[in-house]
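Welcome! Here is a short briefing to read with the structure open beside you. Take it one topic at a time and look up each residue as you go.

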Amino acid sequence: MGDPCTESNSMAESDSKPPSASKNGKGEGGSGHSFFTWFMVLALLGVWTSVAVVWFELVDYDDVLARAKEFRYNISEVLQGKLGAYDADGDGDFDVEDAKVLLGLKEKPSILVERRAEPESLVEEPEAEPEPEVVEEMIQPSHAEEAAWPFPDPVEEEPVVLEEVEPEGEEEPVEDEAAPEIEISEEQVEEAQVDWESELEGEPEVAEAEESAPAEEDEDDSLSEDAGENQDTASVPEGDDDVYGSQSMDVESEIQAAVPLPELVEEDSDSEDHTEDAIDTIGEIVEEAVPEETEELDHEELLEVDQGDEPTREDENPQEAEEPAPAEDQPVEKVLVTAEAAQEQKPKEKVKKKKPKLLNKFDKTIKAEIDAAEKLRKKGKVEEALRAFESLVQRYPQSPRSRYGKAQSEDDLAEKVRSNEVLLKAINTYREVAELPDPPADLVKTTLKRRAERQQFLGRMRGALATLEWLVQLFPEDISLKNDLGVGFLLMGDNKNAKRVYEEVLAVAPNDGFAKVHYGFILKSDNMIAESIPFLREGLQTGDPGTDDGRFYFHLGDALQRVGDSSAYEWYELGHQRGHFASVWQRSLYNVDGLKAQPWWTPRETTYTDLVKTLEKNWKTIRDEALSVMDPSRGLFVPEDENLREKGQWGQFTLWQQGKKVEKSCRSVPKTCALLDRYPEATGCKRGQIKYSVMQPGTHVWPHTGPTNCRLRMHLGLVIPANGCQIRCTNQTRAWEEGKVLIFDDSFEHEVWQDASSYRLIFIVDVWHPELTQYQRQTLSPI
């Protein structure tokens, strides 16, 4: 620090100037000298006081300066941003002159009019704004001060701010003039406050919308969870069939999945009116049908061209059948048009459908308790939900909705713990719901349809059929229930009654696609090939729910092949595009994804070289035992019964079927069975067979595919004529040799000709696909 004396002298010199410059006409006599002396004393005292304050850090000057600067800026922004809107004379601030103009005491300068015209262009062209963030900073503080400050129209405010608030030097005059601005603008306060409040009127609506959004999300989540429940039970993974339930592998065994069950909606909302609105758009009965309609409509679009071309190929010009119109050219436009039309029709269909009435009058009085229990179930707290519904049933034994919730909880628990015993309890509880004195009709329908599905899942086909007949009796006008009943008969193998049901449906609903494809399937099963084609084709083209199934593409293509119509491969291609077939050639329906797929295999590729060597080494022993049982009088060889022959005779003698040994047959050929007992990849193949196959001259086997990609098929030649016996797999044709093994994947299309002069005898051994895991081999369902 410098010398105090020097500092005092310099301060004295600098401070002595003001008195000398402001004598105010006074004389410079002794009184003037005395005043100067006292001034110097006070100045020195002030200097030393300042030094003491700084030296001992009595005041944090940095903080004080920062606060002062912030206060100055805030005041400047407020005054310039808020009161600047009342700048009437165009000088960039609000002062007395502006007040005079606003009060009508002075005319508004004409220059201001020109300046006001410029900001409007800025409003029209937002891109010209240099700093949009500045506006946001000015708007944000306004919310905190809206009670104290009136806010003008933002259209007028923005241009002034963007154009005028630039140098900081103008801020101090604004502070000096703040007082008169406030006094003068009181008349404007009320008007501006009214304008500001009118701008904020929309905010409560936004808040209400935000509050209602979570409720709608919760409802959507609960609906999707409930929809997922039925999807899980409708399509059970193949790998779990033997662990939980025992589904039949009949051709129609999975078609019931195409008929969606209505699900529960009503309990998700707080009031019935709100529920009604939700169900009209996303209710579960509608929700189940909509996804399938979407898929089927896409399919309808793809087939629309074929519908117009088929009659030409079959009737008018058979020569053009070999050169069908490209399926990828014309359908594209029609697909788009149909899709748009379908999208327009879907909302209309949703509006027409009514929400399911799942609550009777009594259940409405306990709706809050039912909703609480249902909320637990949809959150996955199955055990807690079951206890809650059991408590409701105990307290309100006549409540249909409570008992239905109990059945659903038991159903969910059975799925969770993989228990058939628990599922049987759910099936019984579903029945109890329908037997109560006053259940709503929609609840009865939903309950019994679910009960039939679960019975079919357990393989209780007769019980499911009884439930479906009960439904048809209760609701005779419901076509969909009759369609379900037809499927029930098919699952029982009762094609006659199934045919009767679908004839009844088509008599009242001739365009029902579901009935058409099933009726066509029945006709084809009865070997009425040509008659089945129009029903299968037209049914697929409707795109109705339940028609987009690989079986119908499979059987339509097969029927077309048998009548010599090459458009079969167009339908196979469509089936492939729809995801039903792995390819046009590989059309098996019971598949495991990801397995290596090729038509022909070598022993090394299969990894079963030891089995192949054993077969080829002992082929004469196997042949001799076969010849010993070929006597027609013994009747051991049974004619092929899968309707695969166009002509001729084809007999088979089975030793293993679906992984189970036929003991009676093996007693006739003990050496052959003893050889195979060592190879579980063959004897344990639940999706295959081990059998002798004899084919007489003049036999032709239609092109066909096996049911699954989970197996490979070995053919050991035993008695092979020199010429005329061939097998084609895809586009490769081969011939058998005695004592040699051919291996192919019969999920690919294959065809057989026997044009020799004597019989052909081979030994067929199916083995697991080598890429299947041990767990998959144990859990896959038999075929």
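A charge sits over a ring if NZ of Lys or CZ of Arg is within 6 Å of the ring centre and within 35 degrees of the ring normal. Keep that in mind for the part on charges below. The model you see is predicted. The protein chain holds 34 helices and 13 strands, and 46% of its 783 residues are buried.

**The chain as a whole**

- Consider the contacts in the protein chain between residues at least 6 apart in sequence: 72% of them join residues at least 24 apart.

**Charges over rings**

- Arg734 lies over the face of Trp600, and the distance to the ring centre is 4.3 Å.
- Tyr572 has a charge over its face too: Arg587 is 3.6 Å from the ring centre.
- Tyr572 also belongs to a cluster, in which ring pairs link it with Tyr569, Phe581 and Trp585.

**Aromatic pairs**

- A pair of aromatic rings is described by the distance of the centres and the angle of the planes.
- How many aromatic pairs does a search of the whole structure find? The search finds 11.
- One of them is formed by Tyr519 and Phe535, with ring centres 4.9 Å apart and planes at 75°. Planes over 60 degrees apart count as edge-to-face, so this pair is edge-to-face.
- Tyr519 belongs to helix H24 (residues 513–525) and Phe535 to helix H25 (residues 529–542), so the pair ties together parts that are 16 residues apart in sequence.
- Are these two residues buried or exposed? Tyr519 counts as buried, at 11% relative accessibility, while Phe535 counts as partly exposed, at 25%.
- Tyr553 and Trp571 have ring centres 6.4 Å apart and planes at 45°, so their pair is tilted.
- This second pair links distant parts of the chain, 18 residues apart: Tyr553 is in helix H26 (residues 550–562) and Trp571 is in helix H27 (residues 568–577).
- Tyr553 is buried, with a relative accessible area of 0%, and Trp571 is buried with a value of 0%.

**Two packed helices**

- Two packed helices are described by the angle between their axes and the distance between the axes.
- Helix H16 (residues 367–378) packs with helix H18 (residues 400–417) at an angle of about 10°, and their axes are 11 Å apart.
- Why do H16 and H18 count as roughly parallel to each other? Angles under 35 degrees count as roughly parallel, and the angle here is about 10°, so H16 and H18 are roughly parallel.
- On the H16 side, the residues that meet H18 are Ile370, Glu374 and Arg377. On the H18 side, they meet Arg401, Ser402, Gly405, Gln408, Ser409 and Asp412.
- Sorted by type, the residues of this contact between H16 and H18 are 1 nonpolar, 4 polar and 4 charged.

**Positive phi values**

- Most residues other than glycine have a negative phi, and most peptide bonds are trans.
- Asn527 is not a glycine, yet its phi is positive, at about 65°.
- Where is Asn527? Asn527 is in the loop between H24 and H25, and it is partly exposed, with a relative accessible area of 47%.
- Asn643, a residue other than glycine, has a positive phi near 60°.
- Asn643 lies in the loop between strand S2 (638–639) and strand S3 (645–647), and at 27% relative accessibility it counts as partly exposed.

Terms used:
Residues numbered from 1 in each chain as written. Predicted model: local features only at pLDDT ≥ 70, side-chain atom pairs only at ≥ 80, totals over all residues. Heavy atoms only, no water. Phe/Tyr/Trp six-rings, centres within 6.5 Å; stacked < 30°, edge-to-face > 60°. Helix = DSSP H or I, 4+ residues; strand = E, 2+ residues; numbered from the N terminus. Buried < 20%, exposed > 50% of the residue type's maximum accessible area, 1.4 Å probe, protein only. Axes fitted to C-alpha atoms, helices over the stretch in contact; angles between N-to-C directions. Parallel < 35°, antiparallel > 145°, perpendicular 65-115°, else oblique. Contact = heavy atoms within 4.5 Å. Nonpolar A, V, L, I, M, F, W, Y, C, P; charged D, E, K, R; others polar.
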